[in-house]
Amino acid sequence: MSKIHIIPSEFIKELELQLAYSIKAGFPSPAEDYQHETLDFNRDLIKHPEATFYGRVDGDSMIDAGINDGDIAIIDRSAEASDGDVIVAFVNNEFTIKFLDLTHKSEGYIELRPANKKYHPIRINDSDDFEVWGVVVWTIRNWKK
Amino acid sequence: MYGIIDCDNCYVSCERVFRPDLNGKPVVVLSNNDGCIVARSNEAKKLGIKAGLPYFKLQEQFPDQKIAVFSSNYELYGELTGRVVEIIRQEAPQYFRYSIDECFVYLDGMERIDLKQWGENLHKRIKKSVGVPVSIGLAPNKTLAKMASHFAKKHSGYRHCCLIDTDEKRIKALKLYPVDEVWGIGRRYAAKLESLGIHTAYEFASMSKEALNATFNNVVIYRTWAELNGEDCVPNEAMAKKKSICTSRSFNGMISDLETIKIHVANYAARCAEKLRQQNTVASIVGVFLNTNYFRDDLPQYWQFKEVSLPTASNSTTTIVKSAHGVLNEIFKEGYQYKKAGVIVMGIAPTSPIQLNLFDINAERFEKLKSLDKVIDRINKVNGTETVILAAQQYRQKNEQGKADVFANAIKHDFRSKNPTTRWSDIIRLK
(Lines give C-alpha, C1' and ligand atoms only; values in the text may rest on other atoms or scores of the structure.)
Protein backbone atom coordinates (compact mmCIF):
# COMPACT_ATOMS: atom_id res chain seq x y z
CA MET A 1 0.00 0.00 0.00
CA SER A 2 2.82 2.44 0.44
CA LYS A 3 3.99 3.30 -3.02
CA ILE A 4 7.71 3.63 -3.18
CA HIS A 5 9.43 6.58 -4.70
CA ILE A 6 12.95 5.57 -5.50
CA ILE A 7 15.24 8.55 -5.56
CA PRO A 8 16.15 8.77 -9.22
CA SER A 9 19.50 10.44 -8.72
CA GLU A 10 21.12 7.39 -10.25
CA PHE A 11 19.62 6.99 -13.66
CA ILE A 12 21.05 3.58 -14.24
CA LYS A 13 18.12 1.43 -15.00
CA GLU A 14 15.49 0.70 -17.62
CA LEU A 15 15.06 1.97 -21.13
CA GLU A 16 17.24 -0.35 -23.09
CA LEU A 17 17.11 -0.68 -26.84
CA GLN A 18 18.51 -3.81 -28.37
CA LEU A 19 21.16 -3.24 -31.01
CA ALA A 20 19.90 -4.62 -34.27
CA TYR A 21 22.52 -6.74 -35.98
CA SER A 22 22.19 -8.07 -39.47
CA ILE A 23 23.92 -11.41 -39.43
CA LYS A 24 24.73 -13.15 -42.68
CA ALA A 25 24.70 -16.92 -42.66
CA GLY A 26 28.08 -18.64 -42.89
CA PHE A 27 30.01 -15.50 -42.19
CA PRO A 28 31.15 -14.35 -38.77
CA SER A 29 29.39 -11.15 -37.96
CA PRO A 30 31.76 -8.23 -38.36
CA ALA A 31 29.72 -6.54 -35.65
CA GLU A 32 30.81 -9.00 -33.01
CA ASP A 33 34.01 -7.13 -32.37
CA TYR A 34 32.02 -4.02 -31.69
CA GLN A 35 29.53 -5.47 -29.25
CA HIS A 36 29.36 -3.09 -26.36
CA GLU A 37 26.77 -2.09 -23.88
CA THR A 38 23.17 -1.73 -24.98
CA LEU A 39 22.10 1.75 -25.97
CA ASP A 40 20.50 3.46 -23.07
CA PHE A 41 18.85 6.87 -23.27
CA ASN A 42 19.30 7.48 -19.58
CA ARG A 43 23.02 6.93 -19.89
CA ASP A 44 23.61 8.50 -23.28
CA LEU A 45 21.26 11.47 -23.38
CA ILE A 46 21.40 12.48 -19.75
CA LYS A 47 24.99 13.41 -19.09
CA HIS A 48 24.42 14.96 -15.67
CA PRO A 49 21.63 13.08 -13.90
CA GLU A 50 22.14 15.02 -10.68
CA ALA A 51 21.51 18.28 -12.58
CA THR A 52 18.74 17.05 -14.88
CA PHE A 53 15.10 18.00 -14.49
CA TYR A 54 12.05 17.56 -16.68
CA GLY A 55 9.43 20.01 -17.81
CA ARG A 56 6.28 19.81 -19.90
CA VAL A 57 5.76 22.38 -22.64
CA ASP A 58 2.56 24.30 -22.06
CA GLY A 59 1.52 26.34 -25.11
CA ASP A 60 2.73 27.12 -28.61
CA SER A 61 5.33 29.85 -28.07
CA MET A 62 8.11 27.65 -29.49
CA ILE A 63 6.12 25.87 -32.17
CA ASP A 64 8.20 27.12 -35.13
CA ALA A 65 11.25 25.58 -33.50
CA GLY A 66 9.49 22.21 -33.44
CA ILE A 67 8.71 22.36 -29.75
CA ASN A 68 5.02 21.63 -29.32
CA ASP A 69 2.48 21.83 -26.56
CA GLY A 70 2.79 18.70 -24.43
CA ASP A 71 6.40 17.87 -25.31
CA ILE A 72 8.70 16.85 -22.50
CA ALA A 73 11.85 18.94 -22.17
CA ILE A 74 14.99 17.51 -20.63
CA ILE A 75 16.65 20.34 -18.76
CA ASP A 76 20.29 20.32 -17.69
CA ARG A 77 21.00 22.91 -15.01
CA SER A 78 24.73 22.30 -15.09
CA ALA A 79 25.12 23.22 -18.78
CA GLU A 80 26.39 26.72 -19.55
CA ALA A 81 23.80 28.67 -21.50
CA SER A 82 25.14 30.14 -24.74
CA ASP A 83 23.64 32.43 -27.35
CA GLY A 84 20.98 30.58 -29.32
CA ASP A 85 20.39 27.84 -26.77
CA VAL A 86 16.87 26.86 -25.81
CA ILE A 87 16.64 27.66 -22.13
CA VAL A 88 14.23 27.57 -19.23
CA ALA A 89 13.92 30.75 -17.18
CA PHE A 90 11.63 31.93 -14.44
CA VAL A 91 10.01 35.17 -15.60
CA ASN A 92 6.83 36.87 -14.33
CA ASN A 93 6.14 34.10 -11.86
CA GLU A 94 6.26 31.27 -14.34
CA PHE A 95 8.74 28.98 -16.01
CA THR A 96 9.20 29.81 -19.65
CA ILE A 97 10.96 28.01 -22.50
CA LYS A 98 12.60 30.30 -25.07
CA PHE A 99 15.68 30.88 -27.20
CA LEU A 100 18.40 32.79 -25.39
CA ASP A 101 19.45 35.76 -27.53
CA LEU A 102 22.62 37.48 -26.34
CA THR A 103 22.98 39.76 -29.41
CA HIS A 104 22.41 42.92 -27.39
CA LYS A 105 24.32 41.94 -24.29
CA SER A 106 26.89 44.70 -24.75
CA GLU A 107 24.02 47.20 -24.96
CA GLY A 108 22.84 46.18 -21.52
CA TYR A 109 20.01 43.78 -22.28
CA ILE A 110 19.31 40.27 -23.48
CA GLU A 111 16.21 38.74 -25.02
CA LEU A 112 14.24 35.55 -24.59
CA ARG A 113 12.94 34.80 -28.07
CA PRO A 114 9.83 32.78 -28.79
CA ALA A 115 9.53 30.77 -32.01
CA ASN A 116 6.05 31.95 -32.91
CA LYS A 117 5.12 35.30 -34.48
CA LYS A 118 2.16 35.63 -32.14
CA TYR A 119 4.53 36.23 -29.21
CA HIS A 120 6.96 39.06 -28.47
CA PRO A 121 10.48 38.55 -27.25
CA ILE A 122 10.94 39.10 -23.51
CA ARG A 123 13.51 41.80 -22.91
CA ILE A 124 15.66 41.50 -19.80
CA ASN A 125 17.78 44.40 -18.67
CA ASP A 126 21.10 44.12 -16.88
CA SER A 127 19.53 45.52 -13.75
CA ASP A 128 16.80 42.84 -13.64
CA ASP A 129 17.28 39.98 -11.25
CA PHE A 130 17.46 37.29 -13.89
CA GLU A 131 18.86 33.80 -13.92
CA VAL A 132 18.76 31.05 -16.51
CA TRP A 133 17.15 28.12 -14.65
CA GLY A 134 18.47 25.45 -16.99
CA VAL A 135 19.36 24.58 -20.56
CA VAL A 136 17.04 22.40 -22.63
CA VAL A 137 19.16 19.60 -24.07
CA TRP A 138 16.43 17.40 -25.61
CA THR A 139 12.72 17.42 -26.16
CA ILE A 140 10.60 14.29 -26.40
CA ARG A 141 7.25 13.91 -28.18
CA ASN A 142 4.96 10.96 -28.12
CA TRP A 143 3.63 9.93 -31.55
CA LYS A 144 1.93 6.60 -30.99
CA LYS A 145 -1.44 7.31 -29.50
CA MET B 1 41.29 16.98 6.74
CA TYR B 2 37.55 16.71 7.29
CA GLY B 3 34.74 18.64 5.75
CA ILE B 4 31.10 19.05 6.52
CA ILE B 5 28.73 20.08 3.78
CA ASP B 6 25.42 21.30 4.98
CA CYS B 7 22.45 22.55 2.92
CA ASP B 8 21.50 26.07 4.00
CA ASN B 9 17.98 26.11 5.48
CA CYS B 10 17.60 22.84 3.65
CA TYR B 11 13.84 22.43 3.34
CA VAL B 12 13.32 26.07 2.43
CA SER B 13 16.07 25.91 -0.18
CA CYS B 14 14.52 22.78 -1.70
CA GLU B 15 11.14 24.53 -1.99
CA ARG B 16 12.80 27.52 -3.63
CA VAL B 17 14.32 25.43 -6.42
CA PHE B 18 10.87 25.32 -8.05
CA ARG B 19 9.74 28.65 -6.63
CA PRO B 20 12.51 31.09 -7.55
CA ASP B 21 10.05 33.92 -6.85
CA LEU B 22 10.51 33.17 -3.14
CA ASN B 23 14.21 33.97 -3.14
CA GLY B 24 14.82 36.81 -0.72
CA LYS B 25 11.40 36.43 0.90
CA PRO B 26 10.38 34.96 4.25
CA VAL B 27 9.60 31.24 3.88
CA VAL B 28 8.81 28.64 6.54
CA VAL B 29 8.27 24.89 6.36
CA LEU B 30 5.98 23.12 8.83
CA SER B 31 6.49 19.78 10.54
CA ASN B 32 4.53 16.65 9.70
CA ASN B 33 0.85 17.42 10.09
CA ASP B 34 1.43 21.17 9.78
CA GLY B 35 2.12 21.35 13.51
CA CYS B 36 5.01 23.73 13.95
CA ILE B 37 7.81 25.44 12.09
CA VAL B 38 10.79 23.22 11.34
CA ALA B 39 12.66 25.32 8.77
CA ARG B 40 12.98 29.04 8.19
CA SER B 41 14.58 31.14 5.51
CA ASN B 42 17.07 33.78 6.66
CA GLU B 43 14.38 36.40 6.03
CA ALA B 44 11.96 34.53 8.30
CA LYS B 45 14.66 34.30 10.98
CA LYS B 46 15.22 38.05 10.69
CA LEU B 47 11.53 38.67 11.33
CA GLY B 48 12.03 36.91 14.66
CA ILE B 49 10.17 33.70 13.82
CA LYS B 50 11.50 31.03 16.15
CA ALA B 51 12.06 27.39 15.21
CA GLY B 52 9.37 25.18 16.74
CA LEU B 53 6.74 27.89 16.77
CA PRO B 54 3.29 26.29 16.32
CA TYR B 55 1.73 27.27 13.02
CA PHE B 56 -1.40 28.82 14.54
CA LYS B 57 0.82 31.13 16.60
CA LEU B 58 2.60 32.25 13.46
CA GLN B 59 -0.67 33.73 12.24
CA GLU B 60 -1.27 35.34 15.63
CA GLN B 61 2.19 36.80 16.04
CA PHE B 62 2.90 37.93 12.50
CA PRO B 63 -0.51 38.89 11.11
CA ASP B 64 0.79 41.60 8.78
CA GLN B 65 3.74 39.77 7.30
CA LYS B 66 3.68 38.03 3.97
CA ILE B 67 5.23 34.69 4.81
CA ALA B 68 5.26 31.76 2.41
CA VAL B 69 4.24 28.59 4.26
CA PHE B 70 4.87 25.01 3.12
CA SER B 71 3.89 21.65 4.57
CA SER B 72 6.93 19.41 4.73
CA ASN B 73 7.48 17.45 1.54
CA TYR B 74 10.12 14.86 2.37
CA GLU B 75 9.74 13.24 -1.01
CA LEU B 76 11.10 16.42 -2.59
CA TYR B 77 13.77 17.09 0.06
CA GLY B 78 15.01 13.51 -0.08
CA GLU B 79 15.31 13.57 -3.86
CA LEU B 80 17.09 16.91 -4.10
CA THR B 81 19.49 16.20 -1.23
CA GLY B 82 20.19 12.83 -2.88
CA ARG B 83 21.47 14.82 -5.86
CA VAL B 84 23.66 16.90 -3.55
CA VAL B 85 25.13 13.73 -2.06
CA GLU B 86 25.76 12.36 -5.55
CA ILE B 87 27.83 15.42 -6.45
CA ILE B 88 29.75 15.12 -3.18
CA ARG B 89 30.40 11.46 -3.99
CA GLN B 90 31.91 12.52 -7.30
CA GLU B 91 34.11 15.24 -5.77
CA ALA B 92 35.33 13.82 -2.46
CA PRO B 93 37.45 10.72 -1.84
CA GLN B 94 35.26 9.56 1.05
CA TYR B 95 31.89 10.75 2.28
CA PHE B 96 29.44 9.91 4.99
CA ARG B 97 25.84 11.09 4.96
CA TYR B 98 25.15 12.27 8.48
CA SER B 99 21.57 13.40 8.09
CA ILE B 100 19.14 14.49 5.41
CA ASP B 101 20.95 17.82 4.98
CA GLU B 102 24.48 17.17 6.21
CA CYS B 103 27.32 15.16 4.77
CA PHE B 104 30.78 14.61 6.17
CA VAL B 105 33.72 14.15 3.83
CA TYR B 106 37.18 12.88 4.58
CA LEU B 107 39.70 14.59 2.36
CA ASP B 108 42.63 12.26 2.60
CA GLY B 109 45.26 12.55 -0.11
CA MET B 110 44.18 16.02 -1.15
CA GLU B 111 47.01 17.85 0.61
CA ARG B 112 48.32 19.34 -2.61
CA ILE B 113 44.97 20.81 -3.56
CA ASP B 114 43.89 24.30 -2.57
CA LEU B 115 41.08 23.12 -0.30
CA LYS B 116 39.49 26.53 0.09
CA GLN B 117 39.13 26.71 -3.68
CA TRP B 118 37.91 23.10 -3.80
CA GLY B 119 35.16 23.96 -1.32
CA GLU B 120 34.12 27.11 -3.16
CA ASN B 121 33.93 25.18 -6.42
CA LEU B 122 31.91 22.41 -4.78
CA HIS B 123 29.40 24.95 -3.53
CA LYS B 124 29.18 26.51 -7.01
CA ARG B 125 28.63 23.16 -8.66
CA ILE B 126 25.90 22.11 -6.21
CA LYS B 127 24.17 25.50 -6.39
CA LYS B 128 24.17 25.47 -10.17
CA SER B 129 23.29 21.81 -10.70
CA VAL B 130 20.70 21.27 -8.00
CA GLY B 131 19.81 24.83 -7.03
CA VAL B 132 20.37 24.32 -3.31
CA PRO B 133 23.03 26.45 -1.57
CA VAL B 134 25.42 24.69 0.81
CA SER B 135 27.94 25.78 3.41
CA ILE B 136 31.20 23.96 3.75
CA GLY B 137 33.46 23.78 6.78
CA LEU B 138 36.93 22.27 6.44
CA ALA B 139 39.16 21.48 9.40
CA PRO B 140 41.46 18.80 10.85
CA ASN B 141 38.59 17.19 12.76
CA LYS B 142 34.80 16.96 12.68
CA THR B 143 34.08 19.27 15.62
CA LEU B 144 36.15 22.08 14.09
CA ALA B 145 34.71 21.37 10.64
CA LYS B 146 31.22 21.82 12.06
CA MET B 147 32.30 25.10 13.60
CA ALA B 148 33.87 26.21 10.33
CA SER B 149 30.62 25.50 8.49
CA HIS B 150 28.82 27.86 10.88
CA PHE B 151 31.25 30.63 9.96
CA ALA B 152 30.78 29.82 6.28
CA LYS B 153 27.02 30.18 6.74
CA LYS B 154 27.13 33.36 8.81
CA HIS B 155 29.58 35.45 6.82
CA SER B 156 29.21 35.82 3.09
CA GLY B 157 32.88 36.82 2.86
CA TYR B 158 33.83 33.16 3.12
CA ARG B 159 32.02 32.48 -0.18
CA HIS B 160 30.31 29.42 1.37
CA CYS B 161 33.53 27.72 2.47
CA CYS B 162 35.51 28.27 5.65
CA LEU B 163 38.82 26.50 6.11
CA ILE B 164 40.47 26.18 9.53
CA ASP B 165 43.92 24.86 8.74
CA THR B 166 46.25 26.76 11.09
CA ASP B 167 46.41 27.22 14.87
CA GLU B 168 45.99 30.92 14.35
CA LYS B 169 42.68 30.46 12.51
CA ARG B 170 41.56 27.81 15.00
CA ILE B 171 42.13 30.06 18.01
CA LYS B 172 40.48 33.02 16.32
CA ALA B 173 37.41 30.89 15.56
CA LEU B 174 37.25 29.47 19.10
CA LYS B 175 37.27 32.94 20.59
CA LEU B 176 34.33 34.02 18.44
CA TYR B 177 32.28 30.90 19.07
CA PRO B 178 29.79 30.51 21.95
CA VAL B 179 30.42 27.29 23.86
CA ASP B 180 26.76 26.22 23.77
CA GLU B 181 26.91 26.03 19.98
CA VAL B 182 29.85 23.64 19.91
CA TRP B 183 28.95 20.33 18.30
CA GLY B 184 28.65 17.66 21.02
CA ILE B 185 27.93 20.05 23.88
CA GLY B 186 24.37 19.59 24.96
CA ARG B 187 22.23 22.09 26.81
CA ARG B 188 23.02 20.53 30.18
CA TYR B 189 26.79 20.76 29.73
CA ALA B 190 26.49 24.26 28.33
CA ALA B 191 24.57 25.38 31.43
CA LYS B 192 27.23 23.87 33.67
CA LEU B 193 30.00 25.58 31.72
CA GLU B 194 28.17 28.90 31.88
CA SER B 195 27.93 28.52 35.66
CA LEU B 196 31.70 28.09 35.72
CA GLY B 197 32.08 31.32 33.78
CA ILE B 198 32.98 29.58 30.53
CA HIS B 199 31.21 31.25 27.62
CA THR B 200 33.31 30.79 24.52
CA ALA B 201 34.69 27.69 22.86
CA TYR B 202 38.12 29.15 23.51
CA GLU B 203 37.56 29.32 27.27
CA PHE B 204 36.34 25.73 27.21
CA ALA B 205 39.29 24.52 25.15
CA SER B 206 41.66 26.30 27.54
CA MET B 207 40.46 24.31 30.56
CA SER B 208 43.11 21.98 31.90
CA LYS B 209 42.57 18.28 31.39
CA GLU B 210 42.39 17.84 35.15
CA ALA B 211 39.75 20.52 35.58
CA LEU B 212 37.77 19.02 32.70
CA ASN B 213 37.81 15.52 34.20
CA ALA B 214 37.02 16.83 37.65
CA THR B 215 33.98 18.69 36.31
CA PHE B 216 32.52 16.18 33.87
CA ASN B 217 34.39 12.88 33.79
CA ASN B 218 32.68 12.09 30.50
CA VAL B 219 34.30 10.69 27.39
CA VAL B 220 32.08 12.54 24.90
CA ILE B 221 32.86 15.92 26.35
CA TYR B 222 36.52 15.00 26.63
CA ARG B 223 36.62 14.21 22.91
CA THR B 224 34.95 17.49 22.10
CA TRP B 225 37.51 19.33 24.21
CA ALA B 226 40.37 17.43 22.55
CA GLU B 227 39.04 18.18 19.08
CA LEU B 228 38.74 21.88 19.82
CA ASN B 229 42.41 21.64 20.70
CA GLY B 230 43.16 20.18 17.29
CA GLU B 231 43.13 16.42 17.88
CA ASP B 232 41.10 14.05 15.74
CA CYS B 233 39.25 11.64 17.99
CA VAL B 234 35.46 11.63 17.52
CA PRO B 235 34.76 8.22 16.00
CA ASN B 236 32.55 7.91 12.92
CA GLU B 237 30.07 5.73 14.79
CA ALA B 238 29.40 8.56 17.22
CA MET B 239 28.01 10.56 14.32
CA ALA B 240 25.88 7.77 12.94
CA LYS B 241 24.07 7.31 16.24
CA LYS B 242 22.62 10.75 16.40
CA LYS B 243 20.48 11.24 13.38
CA SER B 244 19.97 7.79 11.98
CA ILE B 245 19.06 4.36 13.28
CA CYS B 246 20.71 1.32 11.79
CA THR B 247 19.78 -2.30 12.34
CA SER B 248 22.02 -4.82 10.62
CA ARG B 249 23.25 -8.31 11.20
CA SER B 250 25.41 -10.91 9.54
CA PHE B 251 23.46 -13.94 8.42
CA ASN B 252 24.07 -17.29 9.95
CA GLY B 253 25.82 -18.72 6.91
CA MET B 254 25.34 -17.26 3.45
CA ILE B 255 22.02 -16.65 1.70
CA SER B 256 21.42 -16.35 -2.01
CA ASP B 257 17.64 -16.23 -2.38
CA LEU B 258 15.65 -13.03 -2.23
CA GLU B 259 12.71 -14.39 -0.25
CA THR B 260 14.87 -15.39 2.72
CA ILE B 261 16.73 -12.09 2.70
CA LYS B 262 13.37 -10.33 2.63
CA ILE B 263 12.44 -11.91 5.93
CA HIS B 264 15.65 -10.70 7.53
CA VAL B 265 15.27 -7.21 6.11
CA ALA B 266 11.67 -7.06 7.31
CA ASN B 267 12.85 -7.85 10.81
CA TYR B 268 15.57 -5.19 10.74
CA ALA B 269 13.10 -2.66 9.36
CA ALA B 270 10.54 -3.53 12.03
CA ARG B 271 13.21 -3.06 14.68
CA CYS B 272 14.05 0.41 13.28
CA ALA B 273 10.35 1.31 13.37
CA GLU B 274 10.11 0.14 16.97
CA LYS B 275 13.10 2.25 17.97
CA LEU B 276 11.56 5.26 16.26
CA ARG B 277 8.30 4.78 18.15
CA GLN B 278 10.15 4.31 21.45
CA GLN B 279 11.77 7.71 21.09
CA ASN B 280 8.65 9.36 19.59
CA THR B 281 10.30 10.10 16.30
CA VAL B 282 9.54 9.54 12.64
CA ALA B 283 11.97 8.96 9.76
CA SER B 284 11.74 10.25 6.23
CA ILE B 285 14.39 8.14 4.51
CA VAL B 286 14.74 4.37 4.54
CA GLY B 287 17.96 2.86 3.26
CA VAL B 288 18.99 -0.77 2.80
CA PHE B 289 22.42 -2.24 2.22
CA LEU B 290 23.33 -5.72 1.18
CA ASN B 291 26.72 -7.31 0.86
CA THR B 292 28.52 -10.56 0.12
CA ASN B 293 31.23 -12.04 2.31
CA TYR B 294 34.36 -9.88 2.07
CA PHE B 295 36.52 -12.67 3.45
CA ARG B 296 35.62 -15.06 0.68
CA ASP B 297 37.59 -13.62 -2.20
CA ASP B 298 37.11 -16.89 -4.01
CA LEU B 299 33.44 -15.88 -4.45
CA PRO B 300 32.04 -13.04 -6.58
CA GLN B 301 31.68 -9.87 -4.52
CA TYR B 302 28.83 -7.39 -4.52
CA TRP B 303 27.91 -4.45 -2.32
CA GLN B 304 25.04 -2.04 -2.72
CA PHE B 305 23.24 0.62 -0.75
CA LYS B 306 20.16 2.58 -1.77
CA GLU B 307 17.56 4.67 -0.07
CA VAL B 308 14.04 5.96 -0.65
CA SER B 309 12.26 9.00 0.66
CA LEU B 310 8.90 8.49 2.25
CA PRO B 311 6.10 10.81 1.14
CA THR B 312 5.33 11.44 4.79
CA ALA B 313 7.81 10.82 7.58
CA SER B 314 6.74 7.72 9.44
CA ASN B 315 7.48 5.26 12.23
CA SER B 316 4.91 2.70 11.15
CA THR B 317 6.24 -0.83 10.92
CA THR B 318 4.25 -1.46 7.77
CA THR B 319 5.56 1.60 5.99
CA ILE B 320 9.19 1.09 6.95
CA VAL B 321 9.06 -2.62 6.06
CA LYS B 322 7.36 -1.99 2.71
CA SER B 323 9.85 0.71 1.83
CA ALA B 324 12.79 -1.45 2.84
CA HIS B 325 11.46 -4.28 0.68
CA GLY B 326 11.13 -1.89 -2.24
CA VAL B 327 14.78 -0.91 -1.92
CA LEU B 328 15.85 -4.51 -1.45
CA ASN B 329 14.13 -5.44 -4.71
CA GLU B 330 16.13 -2.68 -6.40
CA ILE B 331 19.53 -3.66 -5.08
CA PHE B 332 19.24 -7.45 -4.97
CA LYS B 333 21.10 -9.30 -7.72
CA GLU B 334 20.83 -12.98 -8.45
CA GLY B 335 23.93 -15.15 -8.34
CA TYR B 336 25.65 -13.93 -5.19
CA GLN B 337 26.08 -15.44 -1.76
CA TYR B 338 25.03 -12.73 0.67
CA LYS B 339 26.45 -12.41 4.15
CA LYS B 340 24.96 -9.28 5.61
CA ALA B 341 22.09 -6.85 5.20
CA GLY B 342 20.97 -3.81 7.11
CA VAL B 343 18.30 -1.16 7.30
CA ILE B 344 19.08 2.48 8.05
CA VAL B 345 16.43 5.09 8.72
CA MET B 346 17.38 8.75 8.41
CA GLY B 347 15.82 12.19 8.35
CA ILE B 348 14.61 11.63 11.89
CA ALA B 349 12.30 14.23 13.40
CA PRO B 350 10.02 14.33 16.43
CA THR B 351 6.48 13.04 16.04
CA SER B 352 4.22 16.04 16.21
CA PRO B 353 1.91 16.14 19.23
CA ILE B 354 -1.16 16.37 17.01
CA GLN B 355 -0.22 13.16 15.30
CA LEU B 356 -0.12 11.38 18.65
CA ASN B 357 -3.60 12.65 19.46
CA LEU B 358 -4.89 10.98 16.35
CA PHE B 359 -4.54 7.64 18.04
CA ASP B 360 -7.78 8.31 19.81
CA ILE B 361 -9.54 8.86 16.54
CA ASN B 362 -13.37 8.77 16.72
CA ALA B 363 -15.55 5.76 16.01
CA GLU B 364 -17.24 7.24 13.00
CA ARG B 365 -13.94 7.75 11.26
CA PHE B 366 -12.98 4.24 12.16
CA GLU B 367 -16.04 2.94 10.31
CA LYS B 368 -15.04 4.83 7.21
CA LEU B 369 -11.52 3.61 7.57
CA LYS B 370 -12.65 -0.02 7.60
CA SER B 371 -14.54 0.34 4.37
CA LEU B 372 -11.59 1.81 2.59
CA ASP B 373 -9.12 -0.94 2.18
CA LYS B 374 -8.88 -4.48 3.38
CA VAL B 375 -5.16 -4.02 3.71
CA ILE B 376 -5.74 -1.51 6.44
CA ASP B 377 -8.04 -3.98 8.16
CA ARG B 378 -5.37 -6.60 8.12
CA ILE B 379 -2.81 -4.27 9.61
CA ASN B 380 -5.34 -3.22 12.19
CA LYS B 381 -5.66 -6.83 13.36
CA VAL B 382 -1.99 -7.62 13.29
CA ASN B 383 -0.44 -4.47 14.64
CA GLY B 384 -3.16 -2.66 16.52
CA THR B 385 -4.68 0.77 16.34
CA GLU B 386 -1.53 2.82 16.10
CA THR B 387 -0.50 1.32 12.84
CA VAL B 388 -3.88 1.89 11.27
CA ILE B 389 -3.61 5.59 11.81
CA LEU B 390 -0.12 5.82 10.45
CA ALA B 391 -1.04 3.57 7.57
CA ALA B 392 -4.03 5.77 6.86
CA GLN B 393 -1.62 8.62 6.51
CA GLN B 394 0.10 6.71 3.76
CA TYR B 395 -3.22 5.74 2.24
CA ARG B 396 -4.16 9.35 1.80
CA GLN B 397 -0.88 9.93 0.04
CA LYS B 398 -1.76 7.34 -2.51
CA ASN B 399 -5.28 8.38 -3.37
CA GLU B 400 -5.38 12.10 -3.55
CA GLN B 401 -8.21 12.18 -6.07
CA GLY B 402 -10.32 9.44 -4.54
CA LYS B 403 -11.66 8.37 -1.20
CA ALA B 404 -8.79 9.97 0.56
CA ASP B 405 -10.89 12.96 1.53
CA VAL B 406 -12.12 10.89 4.43
CA PHE B 407 -8.80 11.61 6.02
CA ALA B 408 -8.69 15.27 5.16
CA ASN B 409 -9.01 16.14 8.80
CA ALA B 410 -6.78 13.38 10.05
CA ILE B 411 -3.44 14.39 8.62
CA LYS B 412 -2.91 17.89 7.43
CA HIS B 413 -0.54 18.99 4.76
CA ASP B 414 -2.49 21.89 3.40
CA PHE B 415 0.50 23.67 1.92
CA ARG B 416 2.42 20.83 0.37
CA SER B 417 4.33 21.61 -2.80
CA LYS B 418 4.40 19.38 -5.85
CA ASN B 419 6.96 16.67 -6.56
CA PRO B 420 8.51 17.75 -9.86
CA THR B 421 11.40 15.29 -9.56
CA THR B 422 9.50 12.14 -8.62
CA ARG B 423 6.13 12.30 -10.38
CA TRP B 424 5.50 12.87 -14.06
CA SER B 425 2.20 14.57 -13.24
CA ASP B 426 4.11 17.20 -11.27
CA ILE B 427 6.92 18.17 -13.63
CA ILE B 428 7.25 21.91 -14.18
CA ARG B 429 5.11 23.58 -16.85
CA LEU B 430 7.03 25.57 -19.43
CA LYS B 431 5.15 28.46 -21.00
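In the predicted model, chain A is built from one helix and ten strands. Read from the N terminus, its elements follow the order β-β-β-α-β-β-β-β-β-β-β. Chain A comprises 145 residues, of which 24% are buried. Of the contacts in chain A with a sequence separation of 6 or more, 50% are made by residues 24 or more positions apart.

Chain B contains 18 helices and 14 strands. Buried residues account for 43% of its 431 residues. When contacts in chain B between residues at least 6 apart in sequence are considered, 66% connect residues at least 24 apart.

The largest nonpolar core comprises 97 residues, and the most contacts inside it are made by B:Ala148, B:Val286, B:Ala324, B:Val343 and B:Val345. The greatest contribution to this core comes from helix α4 of chain B (residues 74-91), which supplies seven residues. Domain 1 (112-228) and domain 2 (245-346) of chain B each provide at least three residues to this core. Another core, of 21 residues, lies apart from the largest one. Its members include A:Phe53, A:Ala73 and A:Ala89 of chain A, together with B:Phe18 of chain B. In soluble globular proteins, nonpolar side chains tend to be buried together.

Helix α1 of chain B (residues 10-17) is mostly covered, with seven of its eight residues buried. The buried positions are B:Cys10, B:Tyr11, B:Val12, B:Ser13, B:Cys14, B:Glu15 and B:Arg16. Among the elements of chain B that cover these residues are the strands β1 (2-7), β2 (27-30), β3 (37-40) and β4 (68-70), as well as helix α4.

Helix α4 of chain B also packs against helix α5 (residues 115-129) of chain B. Two packed helices are described by the angle between their axes and the distance between the axes. For α4(B) and α5(B), the axes come within 10 Å and cross at roughly 145°. The crossing is right-handed. On the α4(B) side the contact is formed by B:Val84, B:Ile87 and B:Glu91, and on the α5(B) side by B:Leu122, B:Arg125, B:Ile126 and B:Ser129. By class, the residues of this contact comprise four nonpolar, one polar and two charged. An α-helix has 3.6 residues a turn, so residues three or four places apart point the same way.

Definitions and conventions:
Residues are numbered from 1 along each chain as its sequence is written. Chains are lettered from A and ligands numbered from 1 in the order in which they are written. This is a predicted model: local features need pLDDT of at least 70, side-chain atom pairs count only at pLDDT 80 or more; totals for chains, interfaces and linings use all residues. A nonpolar core is a set of buried Ala, Val, Leu, Ile, Met, Phe, Trp, Tyr and Cys residues joined through C-beta atoms within 7 Å. A residue is buried if 20 or more other C-beta atoms lie within 10 Å of its own, exposed if 12 or fewer, and partly exposed in between; C-beta atoms are placed from the backbone. Helices (H or I, at least four residues) and strands (E, at least two) are DSSP runs, numbered from the N terminus. Domain bounds come from an automatic or database domain assignment. Two residues are in contact if their C-beta atoms, placed from the backbone, lie within 7 Å. Axes are lines fitted to C-alpha atoms, for helices over the stretch in contact, and angles run from 0 to 180 degrees between N-to-C directions. A crossing is left-handed if the near helix is turned anticlockwise from the far one by less than a right angle, and right-handed if clockwise. Ala, Val, Leu, Ile, Met, Phe, Trp, Tyr, Cys and Pro count as nonpolar, Asp, Glu, Lys and Arg as charged, and the others, Gly among them, as polar.
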